[in-house]
Every structure is written in C-alpha cells, then in structure tokens.
Amino acid sequence: MAEIIKNRYDFVILFDVENGNPNGDPDAGNMPRIDPESGYGLVTDVCLKRKIRNYVDTVKEDATGYRIYIKDQVPLNRNDAEALEYLGVGDDLKAAKKENPMLDVEIQKFMCQNFYDIRTFGAVMTTFVKGNLNCGQIRGPVQLGFARSVDPIMPQEVTITRIAITTELDAERKDTEMGRKHIVPYGLYRAEGYISANLARKTTKFSEEDLKLLWQAILNMFENDRSAARGKMAVRELIVFKHDTELGNAPSYKLFDAVRIARKEGVAVPRSYQDYVIEVDNELPAGVTCERMS
C-alpha cells in the first residue's frame with residue numbers, strides 16, 4: 001500500500017505565454033480570456049487540470065492505478081461500467097445497493113485505485129449519481145483556482161493568409177484565403193492551489209507517490225502539449241508551502257501573500273520572465289516550510 005500524504009500543502013504556479021493564446025474563450029470568438037473590468041488575463045482551473053491529466057496520461061500510458069477518467073473521446077459511462085463489471089453488479093443499481101449496503105464504498109475504492117485524476121481532483125460519476133449511490137460525487141484533495149495574469153494583458157488579433165483553398169470554386173477565384181488568430185504578446189500568470197491531507201486520508205487515498213507525480217506534471221504540463229495556437233508557454237516556477245500537520249498551521253491566504261511579484265525597475269511593458277522579480281518571505285508561520293521548484 002502506498003503511503004497516504006500526511007501534510008497539508010498550498011502552492012503557487014507561475015507560468016507565462018509568449019505570442020500565444022493560453023486559454024481561449026468560446027463565448028468571445030476564442031479570444032484569450034480576460035477580466036473585462038481590470039484587463040487581467042484569466043486561465044481556468046479546468047484548463048490547467050487538463051494539462052496535468054494529459055501529462056500523466058502521456059507518461060504512464062494507462063499503467064495500473066494511473067489511468068485517466070476524464071479523457072478525450074472516452075465516454076465516462078464506459079469507465080463507470082468497468083467498476084460495475086468488476087464488482088459483478090447489473091444494471092439495476094438500486095437493487096444491488098439493497099443486496100450489498102457497502103456497494104458505494106466498494107465502487108469508490110475501485111475508481112480511486114484505478115484512476116489517478118479521481119484520486120487527485122475527484123469526479124462526478126453520472127452512472128452512480130443516477131443510481132442514487134453516494135459514491136457518485138467524490139471530492140478530491142487537490143484543488144486549483146483560476147490563474148490570473150500578474151499585469152493586464154493586451155490581446156491582439158493577427159490576420160494570417162493561407163494557400164490551402166477550401167473548395168474548387170474558391171480555387172478558381174483566389175490563390176489564398178484570409179484567417180485570424182488571437183495572441184497575447186506576453187503574459188505572466190499566477191495560479192494558486194491547495195492539497196488537503198484530510199480529504200486524502202478520508203476519501204481518495206492520494207499518496208506520497210501521487211504527490212511527486214503531481215509536482216512533476218505541473219512543472220512539465222506544457223512541454224508535451226505544444227500547438228501553434230498556444231505559442232511559447234512554460235511553467236517558470238512552482239512554489240510549495242508544506243505544513244507539518246494534516247489540517248495546516250496557517251491560513252492559505254497568508255502564505256500566498258508571502259509570494260510577491262514585481263516588475264524590475266525601468267520595465268514599462270514586460271516582455272519576458274526576466275522582467276520580473278519574484279520574492280518569497282523568509283519569515284513564514286511556525287510549522288510551515290517553503291520549497292521553490294523550477
């Protein structure tokens with residue numbers, strides 16, 4: 001049995017984008033997400049979790065205990081059916097629950113043992129929710145907030161041309177077609193996350209080995225997920241606060257406030273990570289240590 005984590009963690013992810021779209025907004029023509037009141041750029045927690053899932057899937061390749069539940073082109077019900085088949089449960093979940101009062105626990109255990117992202121982020125499993133089983137909603141120990149840019153961003157719409165003509169009729173009329181893509185010339189983003197050892201122990205059994213893989217996935221989440229739309233993206237630093245107890249020794253906000261990011265003197269418009277100074281307070285609350293990974 002892998003050792004379940006015993007410490008609470010809070011962490012800050014610093015990543016940047018250069019001439020790319022870190023997270024398009026489908027309600028705004030796929031333009032980079034932006035807070036309209038402040039002009040700060042946004043990247044959703046769902047987007048970041050997708051990168052982490054993709055990295056784990058690439059590295060582990062469906063290894064036992066490290067499969068991915070929320071996966072492209074794989075219906076969730078197909079994965080749910082594996083648990084029912086393993087436990088010998090038919091379609092009538094209500095009847096199966098009456099026969100086996102521990103069915104919820106057995107299903108939850110199976111799903112957490114086999115799917116890394118359920119063990120990490122939790123999940124809503126429709127099959128079990130509809131069957132009135134309590135295991136249908138699992139709250140994961142690892143949670144992420146939206147990432148926000150350190151400075152306001154200025155999205156640009158770039159007009160491009162292509163020689164690939166769509167139809168025969170278009171080919172007779174013109175040699176090229178016009179298109180558009182949206183980019184952020186440069187933006188440094190900050191995301192904050194939380195890891196609950198209490199939930200790990202009580203619910204998903206998120207382990208020390210899982211934690212090491214999570215840090216690895218965060219640091220490398222853009223390295224195997226390149227595309228022309230996203231431009232140059234990289235995780236610059238991962239700042240981890242470790243509490244020496246399960247429930248923690250200080251509020252998260254105090255630790256996040258200890259991470260300060262400022263433009264270097266004389267820099268009016270940041271265009272690289274080197275245009276910033278990142279500092280972490282040396283005096284942290286008792287029982288909390290800090291590790292900076294890059």
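Student: What should I know before I start?

Tutor: The model is predicted: local features need pLDDT of at least 70, side-chain atom pairs count only at pLDDT 80 or more, and totals for chains, interfaces and linings use all residues. Residues are numbered from 1 along each chain as its sequence is written, and side-chain values use heavy atoms, with hydrogens and water left out.

Student: How many helices and strands are in the protein?

Tutor: Helices (H or I, at least four residues) and strands (E, at least two) are DSSP runs, numbered from the N terminus. The protein has 10 helices and 14 strands. Its C-alpha trace spans about 70 × 65 × 35 Å along the principal axes.

Student: What share of the residues count as buried?

Tutor: Buried means under 20% relative accessible area, exposed over 50%, and partly exposed in between (1.4 Å probe, protein chains only). Here 45% of the 294 residues count as buried.

Student: And what share of the contacts comes from residues 24 or more positions apart?

Tutor: Contact means heavy atoms within 4.5 Å. Among contacts with a separation of 6 or more, 71% join residues 24 or more positions apart.

Student: How do I check a helix by its length?

Tutor: Start with the expected span: 1.5 Å times one less than the number of residues. Helix 1 has 16 residues and should span 22 Å; its end C-alpha atoms are 22 Å apart, so the two agree. Helix 9 (residues 208–219) has 12 residues. It reaches 17 Å from first C-alpha to last, close to the 16 Å expected.

Student: Which residues of these helices are buried?

Tutor: An α-helix has 3.6 residues a turn, so residues three or four places apart point the same way. In helix 9, the buried residues are D210, L211, L213, L214, W215, A217 and I218. In helix 1, they include C47, L48, I52, Y55 and V56. D45, K49, K51 and R53 of helix 1 are buried too.

Student: Where do residues other than glycine take a positive phi?

Tutor: Q73 has a phi near 70°. Q73 sits in the loop between helix 1 and helix 2 (76–87), and counts as exposed because its relative accessibility is 68%. K205 has a positive phi of about 65°. K205 lies in the loop between helix 8 (197–204) and helix 9, and is partly exposed at 42%.

Student: Where is N21, and what does its side chain reach?

Tutor: N21 lies in the loop between strand 1 (9–20) and strand 2 (24–25). N21 is buried at 7% relative accessibility. Its side chain reaches the backbone oxygen of N30 at 2.8 Å. Leaving out residues up to four places away, N21 touches N30, M31, P32, H182, A229 and R230.

Student: Is T44 buried or exposed?

Tutor: T44 is buried, because its relative accessibility is 11%. T44 sits in the loop between strand 4 (40–43) and helix 1 (45–60). Beyond four places in sequence, T44 contacts N23, R33 and F146.

Student: How many disulfides are there?

Tutor: A disulfide is a covalent bond between the sulfur atoms of two cysteines. The test is a pair of cysteine sulfur atoms within 2.5 Å. This structure holds zero. For C135, the nearest cysteine sulfur is that of C112, 9.3 Å away. C135 is buried at 1% relative accessibility, whereas C290 is partly exposed at 31%.

Notes
Polar contact = N/O pair within 3.5 Å; in protein donor to acceptor, adjacent residues only side chain to side chain.
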